[in-house]
Amino acid sequence: MNEIALQWLSAFSLFLGVSFFFAGTVGLLRFPDTYTRIHALTKADNLGLGLVIFGLMLQTESWAVILKLLLIWLLALPASATTCHLLARHTLRSEHRTRVSTWQEPQ
Amino acid sequence: MFDFFVKSGLKRILFLALCWWALTEGSSAWAFGVPVILIALVSSFLINPSGYRPLYGLPRFLGFFLWHSLLGGIDVARRALHPKMPLAPAFVDFSLRLTDEAACVLLINTVNLLPGTLVAELDEQRLQVHVLDKGLPILESLRTVEERVAALFGLSLNQAGDTPHA
């Protein structure tokens, strides 16, 4: 693949990644309770991080840097999935699902 | 026994050296690297002396995982940016057939990254899953994840899946 196409693909991937971070942050601010906010943060940010890392991988020539970026992503994934589970569990144990069960869908 | 330690140790040293090479971005400062690798090797044997199970299903599982975390990210981004913010959060109970501890941890972490699901509590054999939209086919996708994880670890789910279809 030629150099310019690679650069464009990288830029596109970085831009897409940043938009997912943006969407995750919007979700954090707009969503109604702790659980839904955790949903927004973990899922959108993981995808965003994956895309940013993919975009950066395309820009480097060194295999070591590619592997390092991959390691960062592989460590961030379980860390964020575990953190979101712990946050949800703590919330559940401390507030006993009262808010969620009374939340009605708008007709 | 001795044979196992040599074999397993060599594999771990190779893996750790690869990590160090990546961390130093190829400049490979081995004067620091070798002691670090040795310390990591010792702690690796302290944490897990019995070796790791080979996971032949990993590429297939990784494909499944990547595709669904992509869907999960798009789904939640859409809900966040949508003017009406379509949410119908609820809790869903899910009875597990998996018993293996490592498999359960992987299951929880995978479910957390799937579209609209989040594990809030794990009792003995029951997950409490928080979902963003109760309209989604939650139980079906949870069953699929469970089967995928079981297949990855080479476990069988024979204890008749008494699915509580809520």
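Mentor: A:Ala23 is buried, because 24 other C-beta atoms lie within 10 Å. Buried takes 20 or more other C-beta atoms within 10 Å of a residue's own, exposed 12 or fewer, partly exposed a count in between, with C-beta atoms placed from the backbone. This is a predicted model: local features need pLDDT of at least 70, side-chain atom pairs pLDDT 80 or more, while totals for chains, interfaces and linings use all residues. Residues count from 1 along each chain as written; chains are lettered from A and ligands numbered from 1, in written order.

A:Ala23 sits in helix α1 of chain A. Helices (DSSP H or I, at least four residues) and strands (E, at least two) are numbered from the N terminus. A:Leu41 is 18 residues from A:Ala23 in sequence, yet their C-alpha atoms are 8.8 Å apart. Contacts (C-beta atoms, placed from the backbone, within 7 Å) come next. Beyond four places in sequence, A:Ala23 touches A:Ala44, B:Ala77, B:Ala80 and B:Leu81.

Turn to α3(B). This helix has 24 residues. From first C-alpha to last, α3(B) reaches 34 Å, close to the expected 34 Å at 1.5 Å a residue. The expected span is 1.5 Å times one less than the residue count. Its buried residues are B:Phe65, B:Ser69, B:Gly72, B:Gly73, B:Val76, B:Ala77, B:Arg79 and B:Ala80. Those buried residues pack against α1 and α2 of chain A, together with α4 of chain B.

Now the core. The largest nonpolar core holds 38 residues. Such a core joins buried Ala, Val, Leu, Ile, Met, Phe, Trp, Tyr and Cys through C-beta atoms within 7 Å. A:Ala44, B:Leu107, B:Val111, B:Leu118, B:Val119 and B:Val129 touch the most other members. Chain A supplies at least two core residues from each of α1 (3-30), α2 (34-59) and α3 (63-95). The largest share, eight residues, comes from α2(A).

Next, where the chains meet. The contact takes 33 residues from chain A and 32 from chain B. On chain A, α1, α2 and α3 each supply at least two residues of the side that touches chain B. α3(A) gives the most to that side, 13 residues. The side of chain A divides into 19 nonpolar, eight polar and six charged residues. Here Asp, Glu, Lys and Arg are charged; Ala, Val, Leu, Ile, Met, Phe, Trp, Tyr, Cys and Pro are nonpolar; the others, Gly among them, are polar.

Last, the two chains. Chain A has four helices and zero strands, in the order α-α-α-α. Of its 107 residues, 30% count as buried. Chain B has five helices and three strands. From the N terminus, its order is α-α-α-β-α-β-β-α. Of its 166 residues, 23% count as buried. The C-alpha trace of chain B spans about 60 × 40 × 25 Å along its principal axes.

How values were computed:
Contact = placed C-beta atoms within 7 Å.
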